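Please look through the model below before reading on.

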Amino acid sequence: MDILYKNLLAFSWQDLVMIMIGCMLIYLAIGKEMEPSLLLPMGFGTILVNIPFSDALHGPIQSLYNAGIANELFPLLLFIGIGAMIDFGPLLTNPKLMFFGAAAQFGIFFTLCMASVFFPTIDAASIAIIGAADGPTSIAVANTLGSRYVGAITVAAYSYMALVPIIQPPVIKLLTTKKERMIKMPYEQKSVSKMTRIMFPIIITIVASAIVPQATALIGFLMFGNLIRECGVLDSLSETAQKVLANLITIFLGISVAFNMTSEQFLKVDTLLILGLGLIAFIVDTAGGVLFAKFINLFSKKKINPMIGAAGISAFPMSGRIVHKMGLEEDPQNFLLMHSIGVNVSGQIASVIAGGIILNLFS
Amino acid sequence: MNLSSFALILSAATAAPDLFFNLGNFVHNLKYMGIGMLVIFVVIGIIIFAINIINYLFSK
């Protein structure tokens, strides 16, 4: 009869807390619809690995972790799907928007300095990459650097990506005036040739990788996915990458990240600090983009709506849509979507380059 | 504050921290901030130049 209660008595309060955290992640995914594709598998995986004597932890979850997270394979495969989903057209018609994507990565390096006050350099760099606002980049960089905090970093990155609609608007309003938010930016429709769309991913891969070789895998897989989309002769592969591949890898990624969500690894003061630093990264990213746009306006005759700088964060397409919505709230005739989406996709490229720079500096 | 948040904070506060506090590191790492942002802007600048070349060569 002791089989009925022997395992139950093995539960510690830490296990119960982690199971509650797993349930909370599931609630956020289903009840609040916050990044459900990642938070739900992560939440359920957290439950599985925190049951005493669970055969899931050192069985299939560890196998999946070794097969796809420890060697950075899953994030890179997911990037193929993400690249296939992105239309770089708005960016190709106005390439200068990419500078705002660059400016919005400031939060990464600011958070690096902040995190280094509390953590060793490797962990500080891994925590800083939360500011890339990109799950695959965060996981890939944290793993390559050998950080102990991959689980907390992943939870922070995906949670804050889902909270972008709450985090960004107050920061934007704090740093801009109503007059600035009402600046109109007319969009001139320009067509982009098919050859340009095909050459873009190839040239970007070569250029970015030549300068920052540690970003080759990240930028290469992203651009490979985009090339599949734009070449025009691989429609079935493009569709597979966007849907089947992306969804499959998302399931595996979400549940295997739970390998780092045991109570021993997660329930520490460090975790709270990481969550706080991740929030700072997102806030400073937003501020960096907005302030850069305001700086450009000092010298530019054609004024830029500084809100589009905030879209340089890599949370695609949410950040672009938020900026467009805020523009409409100020002036229903102000359509910022094409500009903000262009900046948003440039943020995707800039965040990957930033990840490569972090690896270059600290690995 | 719900029960799960309270439990998380309580458990984290009582866990043995594996942290230090060194403000000097913030200043020391500012150089990486400068290098990182400079490299990003340079790479993005080169990419913009490359896109303009591509647009010029292959525009309709």
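Axes here are lines fitted to C-alpha atoms, for helices over the stretch in contact, and angles run from 0 to 180 degrees between N-to-C directions. Helices (H or I, at least four residues) and strands (E, at least two) are DSSP runs, numbered from the N terminus. The model is predicted: local features need pLDDT of at least 70 and side-chain atom pairs count only at pLDDT 80 or more, while totals for chains, interfaces and linings use all residues. Residues are numbered from 1 along each chain as its sequence is written, and chains are lettered from A and ligands numbered from 1 in the order in which they are written.

Start with helix α5 of chain A, residues 73-85. The expected span of a helix is 1.5 Å times one less than its number of residues.

How much of α5(A) is buried? A residue is buried if 20 or more other C-beta atoms lie within 10 Å of its own, exposed if 12 or fewer, and partly exposed in between, with C-beta atoms placed from the backbone. In α5(A), 11 of the 13 residues are buried, so the helix is largely enclosed by the rest of the structure. The buried residues are A:F74, A:P75, A:L76, A:L77, A:L78, A:F79, A:I80, A:G81, A:I82, A:G83 and A:A84. Against chain A, they pack on α4 (57-69), α10 (135-144), α15 (216-230) and α16 (235-257). Two of these partners are described next.

Two packed helices are described by the angle between their axes and the distance between the axes. For α5(A) and α10(A), the angle is about 155° and the axes are 8 Å apart. Angles under 35 degrees count as roughly parallel, over 145 as roughly antiparallel, 65 to 115 as roughly perpendicular and the rest as oblique. The two helices, α5(A) and α10(A), are therefore roughly antiparallel. A crossing is left-handed if the near helix is turned anticlockwise from the far one by less than a right angle, and right-handed if clockwise; α5(A) passes α10(A) in a left-handed crossing. Residues are in contact if their C-beta atoms, placed from the backbone, lie within 7 Å. From α5(A), the residues A:P75, A:L76, A:L78 and A:F79 meet A:P136, A:I139 and A:A140 of α10(A). For composition, Ala, Val, Leu, Ile, Met, Phe, Trp, Tyr, Cys and Pro count as nonpolar, Asp, Glu, Lys and Arg as charged, and the others, Gly among them, as polar. The residues of the contact of α5(A) with α10(A) comprise 7 nonpolar, no polar and no charged.

With α15(A), the axis of α5(A) comes within 6 Å and crosses at roughly 40°. The pair α5(A) and α15(A) is therefore oblique, and the crossing is right-handed. On the α5(A) side the contact is made by A:L76, A:F79, A:I80, A:G81, A:I82, A:G83 and A:A84, and residues of α15(A) in it include A:A217, A:F221, A:N226 and A:R229. This contact of α5(A) with α15(A) divides into 12 nonpolar, 4 polar and 1 charged.

Now turn to chain B. Its secondary structure comes to 3 helices and 0 strands, in the pattern α-α-α along the sequence. Of the 60 residues in chain B, 22% are buried. The contact between the chains takes 38 residues from chain B and 47 residues from chain A. On the chain B side, the elements giving two or more residues are α1 (3-14), α2 (24-28) and α3 (30-58). Of these, α3(B) gives the most, with 19 residues. The chain B side divides into 27 nonpolar, 9 polar and 2 charged.

Most residues other than glycine have a negative phi, and most peptide bonds are trans. A:E33 has a phi near 55°, a positive value in a residue other than glycine. It sits in the loop between α2 (13-30) and α3 (36-49) of chain A. Is A:E33 buried or exposed? With 10 other C-beta atoms within 10 Å, A:E33 is exposed. A:A133 also has a positive phi, about 55°, although it is not a glycine. A:A133 is in the loop between α9 (121-128) and α10 of chain A, and with 32 C-beta neighbours inside 10 Å it counts as buried. A cis peptide bond, with omega about -5°, joins A:F316 and A:P317; A:P317 lies in the loop between α19 (307-310) and α20 (318-330) of chain A.

Definitions and conventions
Contact = placed C-beta atoms within 7 Å.
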